[in-house]
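Dear colleague,

Please find below the structure that I am handing over to you. My notes on it follow directly after.

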Amino acid sequence: MLKRPPALRSPAYDFVAAHEISTAEMFDIMRRWSREGGNERYFASRHAVCHWVAEHIAELKSRTVPESHPREMRPKSFYGSPLLIVALAIGSVAVVAVVTFAGCTRYWRKSKVMIYAQVHFLYIVLSGLLSIGLSAILHAVPPSSFSCVAREWLSELGYSLVLAPLIVKVDAINRLFANAKRMKRAKIKQSGLFRMVAAAVAVVLVYLIVWTIVDPPVVRNRATLSLESSDGNGNGDIQKNDRGGSVVHTSSYCASRLPFWNVVPPIYEIVLLLVAAVRVFESRTIPRQEFNEVRYLSVLIYSQFMYVVLILLVVLYMGDNAGADGNGDGNGDGNDNDVSVAAGVTSLLLGLDTITALGIYFGPKIHSA
């Protein structure tokens, strides 16, 4: 019990530790017990103790009620804070931008630059960016049973749909020109490329299904003692209510019992980005500029790598995967601002990543179409 955070700790231990009866008080109880009949009456001891407590109730309250009790639980929502409002706005802009670029891609789908870039692969990448943008929005709104699961599915599937087609396409172009240098004919079926993309996405899909079944992210509550003043390190005077008890703020967030579920997907995405970087580096010698997207892809990979690393750092150091008490039960008492800051920063990074990817990879194509 003592390992539980102060905001959620039961006052029972403090009550028992502070409750002492002097020898004189014990004699008083024993005398009453004797007058009640002693061993001859079955409930004499209970009557004596209860009668003594009733006579000394005021003294017992002042002596044994632990400090900071009774407590008052006050819900505190951070989902109207400036950070989350900005993050929600950027996520919304990202979704609108993806839909706009998808319409432009379809409108100019017969242009040379779109044909060389493989329109169907561009659609897959755009669907991935749309998923990431929607995840950014869900990170910036109050959590619910649906949004806790949906935002993880959207972000992880989104990154897979963005990275897997790029890796497969660049790898196919590399093999095509490598065979051409050796004067060999290369036949690459589009269905085979789609199967490779589906296989990469299936790995993430299986992981998400297992995660959702075994330990799904759900809405959890974090309780924190409200401070009237703070030194910046979480120390200060505890805010009191009108009854002299402390005020406990409760806030909601999404988390699984075990924190590693949120750590694995960014690591997988970093691996995909490293594979993509190798494939793009191998394609630097392709002579046909229509097929050589090294300049744009290298910048895109570098950009997404930085965003994914930042998201991983948020998960590790600011995240709300486990309660501050370290038990993974979501009942922590750390800085309650961490809950909203982690969600807001993640949402901001996802939205900016989507907009940046559109500008780097699709912007030049739309401009040249």
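**Findings**

The accessible surface of the protein comes to about 19400 Å², and 63% of it belongs to carbon and sulfur atoms; the areas come from the Shrake-Rupley method with a 1.4 Å probe, and for residues only the protein chains shown count as cover. This is a predicted model, in which local features need pLDDT of at least 70 and side-chain atom pairs count only at pLDDT 80 or more, while totals for chains, interfaces and linings use all residues. Residues are numbered from 1 along each chain as its sequence is written, and side-chain values use heavy atoms, with hydrogens and water left out.

The protein has 12 helices and five strands, taken as DSSP runs (helices H or I, at least four residues; strands E, at least two) numbered from the N terminus. Of its 369 residues, 42% count as buried (under 20% relative accessible area; exposed is over 50%, partly exposed in between; 1.4 Å probe, protein chains only). Among contacts (heavy atoms within 4.5 Å) with a separation of 6 or more, 78% join residues 24 or more positions apart.

The largest nonpolar core holds 41 residues; such a core is a set of buried Ala, Val, Leu, Ile, Met, Phe, Trp, Tyr and Cys residues joined through side-chain atoms within 4.5 Å. Leu129, Leu297, Leu300, Leu358, Tyr361 and Phe362 touch the most other members. Two or more residues each come from helices H5 (82-107), H7 (119-139), H8 (145-181), H10 (260-282), H11 (294-318) and H12 (337-368). Apart from this core lies another, of 13 residues, including Leu157, Leu193, Val197 and Leu208.

Beyond its neighbours within four places in sequence, Leu358 is in contact with Ala94, Ala97, Val98, Phe101, Leu126, Leu129 and Gly363. Ala94, Ala97 and Val98 are among the buried residues of H5. The 26 residues of H5 should span 38 Å at 1.5 Å a residue, and the end C-alpha atoms are 37 Å apart, which agrees; the expected span is 1.5 Å times one less than the number of residues.

Helix H2 (residues 23-35) has Glu25, Ile29 and Arg32 as its buried residues. Seen down the axis of H2, these fall within an arc of 60°, so they line one face of the helix; the arc is that of the directions from the helix axis to the C-beta atoms. The face turned away from the buried side of H2 carries the exposed residues Thr23, Ala24 and Phe27.
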